[in-house]
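Please examine the sequence and the three-dimensional model shown below. The paragraphs that follow lead through backbone geometry, aromatic pairs and helix packing in turn.

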Amino acid sequence: MTQSVLVAGGAGYIGSHVCKVLAQSGYTPVTLDNLCTGRRDFVRFGPLVEASVSDTAVVASTVKKYDIKAVIDLAGSIEVAESVKNPLKYYDNNFAVKIPFLKTLSECGVKAVVFSSTAAVYGEPVVVPIPESHQLIPKNPYGSSKLAYEQLLRDFHLAGGPAWMALRYFNAAGASFDGDIGECHEPESHLIPLACFANLGKNDALSIFGNDYPTQDGTAIRDYIHVLDLASAHVLAVEALLKGAAPTAYNLGNGIGTSIGEIMACFERIGFPVPHTFKPRRAGDPIRLVADSSAAKTNLGWTPKYADIETIIRSAHQWHTKTLAAEKNVKVG
Ligand SMILES: NC(=O)c1ccc[n+]([C@@H]2O[C@H](COP(=O)([O-])OP(=O)(O)OC[C@H]3O[C@@H](n4cnc5c(N)ncnc54)[C@H](O)[C@@H]3O)[C@@H](O)[C@H]2O)c1
């Protein structure tokens, strides 16, 4: 019998890719998801338990039924701007609901929890590439709620709770190469899907916030990491923890800073020009966010395979082209 891993948030964008790579690696991913933003049709690689992480009775019965020893927790709310308007939602869904969840996992004998954290825990970087030892001063409730959960995992482990790893993602992007799952947020706020929408005519021109930053072309710089590379790190993190690795936080990025201008140029070069307009900078957007992921590479043996931005963009564009065509067929039909 294959080992089962519980994936909270497994019906979401990154969670479904984690489930895919778990299944390819010989595990059974058991998705626990309340489908508040996730999609039922993304759960293709193992069973779905439709419930919130706060439903402790369901969590306990699921852990027992599938003999779960390791949990990957991607469940949460992800919109930075929404978190500023509605911080209570973020402290609730990214932190408060996780207290009974974690307690139940521990009581049921779960040994390891791998958690989706974010570069937003750092706030404005003072050193780039950003190492894990960088100061942690989040600039919005989203980042603060994620950092609070990291600290809870650390403190609870010291008091006998499960071992943990917090994986701090930089900009997740791209889609499965066979086109079965991809990025799907409602509303969408991430650059590469919005660029695809503008190219495919789903949206009007893409708004680019700021072209007067002190960068080579005036636009902000981010570290884009293919979602399948993120996913493979989760499998390595689970395996490391179950073998007794020390709990810690790891950055997951390529260490390559790409400006928005370079993203636009790449879309153009591969035949997908993106109509765009420039708007003033948004408050709180850092100029440059690039990861130092050397610790994950050294300690987990993680090697990103799809670092090339063109590969990331092509996979995203393929997914959105297919999805848009399917949506049009439904509307026509
Ligand atoms: N997308 C990025 O670039 C990025 C960057 C850094 C960190 N992250 C983190 O990665 C995780 C996944 O992000 P995503 O982009 O796949 O988002 P997503 O919205 O597609 O996935 C989140 C999933 O969690 C589920 N969920 C939310 N609250 C839940 C609850 N209380 N109980 C059970 N299920 C619940 C949703 O239904 C959804 O399936 C999030 O925790 C996010 O903060 C994402």
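The phi angle of L35 is positive, near 60°, in a residue other than glycine.

The model is a predicted one: local features need pLDDT of at least 70, side-chain atom pairs count only at pLDDT 80 or more, and totals for chains, interfaces and linings use all residues. Residues are numbered from 1 along each chain as its sequence is written, and side-chain values use heavy atoms, with hydrogens and water left out.

A positive phi, of about 50°, also occurs at D67, which is not a glycine. D67 belongs to the loop between α2 (56-65) and β4 (70-73). Its setting is described by a relative accessible area of 48%, so D67 is partly exposed.

The backbone also contains cis peptide bonds. One runs from V128 to P129, with omega near 0°, and P129 lies in the loop between β5 (112-118) and α6. Another joins E186 and P187, with omega about 0°; P187 is placed in the loop between β7 (171-173) and α7 (191-200).

Aromatic side chains come next. How many aromatic pairs does a search of the whole structure find? The search finds 4, where rings of Phe, Tyr and Trp (its six-membered ring) pair if their centres lie within 6.5 Å, and planes under 30 degrees apart count as stacked, over 60 as edge-to-face and the rest as tilted. One of them is formed by F42 and W319: the ring centres are 5.7 Å apart and the planes stand at 65°, so the pair is edge-to-face. This pair links distant parts of the chain, since F42 is in the loop between β2 (28-33) and β3 (48-50) and W319 is in helix α11 (residues 309-332), 277 residues apart. F42 is buried, with a relative accessible area of 1%, and W319 is buried at 5%.

Another pair consists of Y90 and Y142, whose ring centres are 6.4 Å apart with planes at 80°, so this pair is edge-to-face. It too links distant parts of the chain: Y90 is in helix α4 (residues 87-96) and Y142 in helix α6 (residues 141-158), 52 residues apart. Y90 is buried, with a relative accessible area of 0%, and Y142 counts as buried at 11% relative accessibility.

Finally, there is the packing of two helices. Two packed helices are described by the angle between their axes and the distance between the axes. Helix α1 (residues 13-24) and helix α8 (residues 227-242) pack at about 60°, with their axes 8 Å apart; axes are lines fitted to C-alpha atoms, for helices over the stretch in contact, and angles run from 0 to 180 degrees between N-to-C directions. That makes α1 oblique to α8, because angles under 35 degrees count as roughly parallel, over 145 as roughly antiparallel, 65 to 115 as roughly perpendicular and the rest as oblique. In the contact (heavy atoms within 4.5 Å), α1 contributes Y13, I14, H17, V18, V21 and L22, while α8 contributes V227, L228, L230, A231, S232, H234 and V235. By class, this contact has 10 nonpolar, 3 polar and no charged residues; Ala, Val, Leu, Ile, Met, Phe, Trp, Tyr, Cys and Pro count as nonpolar, Asp, Glu, Lys and Arg as charged, and the others, Gly among them, as polar.

Conventions
Helix = DSSP H or I, 4+ residues; strand = E, 2+ residues; numbered from the N terminus. Buried < 20%, exposed > 50% of the residue type's maximum accessible area, 1.4 Å probe, protein only.
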